Amino acid sequence: MTPRSPGDDGTSGTPADGGASDARDTAGRESTAAGSGRRPTRLLRRAAGLLRWTSLRLRLVVVFALVALTAAVSASGIAYWLNRNTVLDRTQNAVLKDFRKSLEDSTRSLPLRPRCSELQDAARQMAAGPQNYTVLLIGLDRAGKECAATTNKDLLTLKSVPQSLRNAVDQVRPVDESNHFAHHLYWQRKEVGDVPYLIAGAKVIGGGPTGYMLKSLATERQDLTSLAWSLGIATALALVGSALLAQAAATTVLRPVQRLGYAARQLGEGRLDTRLRVTGTDELADLSRTFNRTAERLEQRVEELSAREAASRRFVADMSHELRTPLTAITAVSEVLEEEADSLDPMIAPAVQLVVSETRRLNDLVENLMEVTRFDAGTARLVLDDVDVADQVTACIDARAWLDAVDLDADRGIVSRLDPRRLDVILANLIGNALKHGGSPVRVSVHTEPAERPEAAERTEAGERTELPEGPADEGGRLVIRVRDHGPGIPDEVLPHVFDRFYKASASRPRSEGSGLGLSIALENAHIHGGEITAANHPEGGAVFTLWLPMDASRLADGAERADGGTSGGGGEGTGGER
Amino acid sequence: MGQNGCVPFLLLIEDDDAIRTALELSLSRQGHRVVTAATGEDGLKLLREQRPDLIVLDVMLPGIDGFEVCRRIRRTDQLPIILLTARNDDIDVVVGLESGADDYVVKPVQGRVLDARIRAVLRRGERESSDSATFGSLVIDRSAMTVTKNGEDLQLTPTELRLLLELSRRPGQALSRQQLLRLVWEHDYLGDSRLVDACVQRLRAKVEDVPSSPTLIRTVRGVGYRLDTPQ
């Protein structure tokens with residue numbers, strides 16, 4: 001009649017129930033831990049709405065945070081799980097051992113069929129042990145009536161014992177070699193209200209009473225809850241730490257990247273001497289070195305090209321300069337010849353005339369070449385003066401004996417500040433071109449427009465004169481001179497090239513069409529004033545060249561003018577400003 | 001200047017043989033008497049020996065250049081100087097005018113143009129009226145073609161004198177640069193206004209008490225210059 005409790009066989013209890021409640025429990029704990037870790041993630045996600053997803057910094061932070069979260073959550077989960085098992089097992093084993101022992105002790109002193117009061121006494125005795133559990137003893141008294149003795153009627157009665165446990169306890173197992181006892185000690189965890197309990201039961205072998213005990217696990221749960229909180233906080237701290245680390249990592253990675261980006265922009269803006277300081281031996285240092293090498297090569301290449309270009313420009317400039325010395329002598333002498341042409345042999349006279357006229361052409365060509373090289377070298381300067389535009393146009397036409405062929409529509413009194421020689425060059429080229437290709441009547445109209453620049457004027461020529469007048473300089477508006485001919489107009493395929501140097505509309509065109517530089521020089525002269533020339537075809541036929549010039553080009557003639565007047569004498573124009 | 005109705009006597013300083021020969025030929029045919037020099041040093045020597053009426057001076061010379069020759073001449077002489085410039089650089093013109101040249105022509109130069117400039121420059125020295133005018137301490141004697149300041153004779157080049165005469169003929173009236181170019185230099189409508197500016201600068205340096213704050217020859221912004229009687 002020894003209670004054949006099956007030793008430490010707790011694990012062979014009802015794994016289904018115990019396991020199930022275990023799983024629920026663990027899940028509950030885990031969700032708490034994860035909840036504290038997910039909050040920063042949600043915040044990050046909200047911040048991501050504000051930040052760019054493409055930002056490398058943000059991506060780094062998110063990746064770091066995810067890694068930290070995964071690591072922290074799994075570490076916490078494992079730690080919690082191990083702890084929980086250890087704590088519960090230890091408590092459980094101690095309780096079950098004590099229960100078995102006291103059940104053995106108290107039933108041994110009981111008669112086979114004890115009275116209810118005896119049973120009650122035994123239960124009370126058992127419950128008085130150090131483990132502080134509630135005991136329920138069920139036995140058959142002498143009358144064969146079932147008697148249930150409990151130390152706490154509210155907590156533990158036969159009804160509150162789960163049926164599955166009761167069945168397991170009551171079950172009689174066949175005794176064989178692997179199983180020495182007909183009854184075992186079974187246990188289960190259950191919750192009453194919010195409090196977790198361990199409930200166990202055993203039947204004393206040999207017809208003794210069946211004992212159940214109920215032990216509160218509230219202390220253990222409390223311990224585990226605080227453990228979970230600690231782990232949760234640790235996870236949160238890990239997240240914050242990882243975010244900070246990511247930030248720091250991003251900064252160390254991104255600062256060189258930013259420097260690289262800045263340097264690349266500088267390079268793109270034409271500062272070819274941009275170099276990066278290379279520190280360390282990492283990939284970014286490698287990249288910096290590559291950047292430096294590339295920039296160096298680029299600079300070399302550009303230097304080579306510009307040196308070559310400068311050399312060819314210098315060549316043209318030198319050549320036209322050199323041409324001028326013999327030309328000066330030839331010109332001076334050819335005039336002498338021209339004056340004598342009438343008295344020369346009629347066979348010789350045409351030859352002399354040819355020499356004279358071709359010398360003049362050569363002069364024009366060299367003059368134009370020199371002008372072009374001045375523009376290319378950026379040494380062209382404005383010599384500004386206040387001129388009446390109508391007078392200027394009239395004088396230009398008059399000087400070239402074009403008065404009969406040109407129809408001028410210009411009011412006197414439009415006074416503009418510009419370079420009269422350059423305006424003359426522009427007009428002579430535009431009108432001369434119109435007369436040559438378009439044919440008379442050529443109509444020239446002059447008027448002014450309120451300040452508003454043509455978009456085309458945004459285009460700037462190479463060299464230092466890239467500023468366009470703005471604000472006050474444009475207050476006077478702009479001068480518009482239109483030159484329209486009544487010829488066949490300009491073919492569409494030629495239109496974009498009319499201002500190109502030496503552009504010939506067709507290869508078969510006779511060579512006596514001028515130097516091929518006229519319109520290009522006119523355009524350069526307009527640009528240096530901050531103006532523009534456009535070419536178009538009039539809907540009623542004929543080509544229209546439109547020249548825009550600012551009414552006051554003095555903004556562009558920086559340094560060309562200098563006030564020399566004192567306090568009393570007012571301003572004056574100095575001539576030394578160009579030096 | 002001493003042409004006295006005779007053939008104008010010119011000194012041509014030019015280093016290039018071909019240009020020198022051609023210009024000498026051309027100018028001689030236009031009715032000038034021409035002596036030539038190939039270097040600035042020779043030219044200065046000839047100037048002292050022969051006293052020409054006018055100098056035609058190339059800018060690019062071996063040894064001392066045209067600007068320096070011009071400056072050296074101006075230290076002692078007020079005779080007219082016409083520069084032959086390459087105008088490869090506009091700076092040449094400015095430097096030339098500042099060193100005291102009266103006019104300039106650009107290579108390749110036509111003989112006729114050079115002749116017209118020479119005659120225009122020489123005409124500046126001719127007297128045309130016989131009165132005088134006083135502007136503060138400045139007395140312009142149009143009959144003697146002299147200008148005195150505080151009783152002292154001022155050494156003016158013919159161009160400076162003519163500029164002063166033209167301005168003094170219309171006291172208080174602003175003359176535009178283009179007007180002055182026509183009146184003094186006899187240039188066509190495309191005259192280089194820097195000629196006027198340079199000449200005004202030189203004139204101020206001679207007639208003004210404080211050249212940097214002129215009281216006689218005043219700049220009129222957007223127009224040109226005028227001669228005022230000081231208050």
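**Close-up views of helix packing and a strand sheet**

**View 1. Helices α2(A) and α3(A) of the predicted model meet in a right-handed crossing.** Right-handed means that the near helix is turned clockwise from the far one by less than a right angle. Helices are DSSP runs of H or I with at least four residues, and strands are runs of E with at least two, numbered from the N terminus. The contact (C-beta atoms, placed from the backbone, within 7 Å) joins A:S102, A:L103, A:S106 and A:T107 of α2(A) to A:A122, A:Q125 and A:M126 of α3(A).

This is a predicted model, where local features need pLDDT of at least 70 and side-chain atom pairs count only at pLDDT 80 or more, while totals for chains, interfaces and linings use all residues. Residues are numbered from 1 along each chain as its sequence is written, and chains are lettered from A and ligands numbered from 1 in the order in which they are written.

**View 2. Helix α2(A) packs with helix α5 (residues 218–268) of chain A.** The angle is about 160° and the axes are 8 Å apart; axes are lines fitted to C-alpha atoms, for helices over the stretch in contact, and angles run from 0 to 180 degrees between N-to-C directions. α2(A) passes α5(A) in a right-handed crossing.

**View 3. In chain B, 3 strands form an open antiparallel sheet in the order β10-β12-β11.** Strands pair if DSSP finds at least two bridges between them. The edge strands, each pairing on one side only, are β10 (175–176) and β11 (217–220). β11(B) and β12 (residues 224–227) pair over 4 bridges, and B:V220 stands opposite B:G224.

Methods. Two residues are in contact if their C-beta atoms, placed from the backbone, lie within 7 Å.
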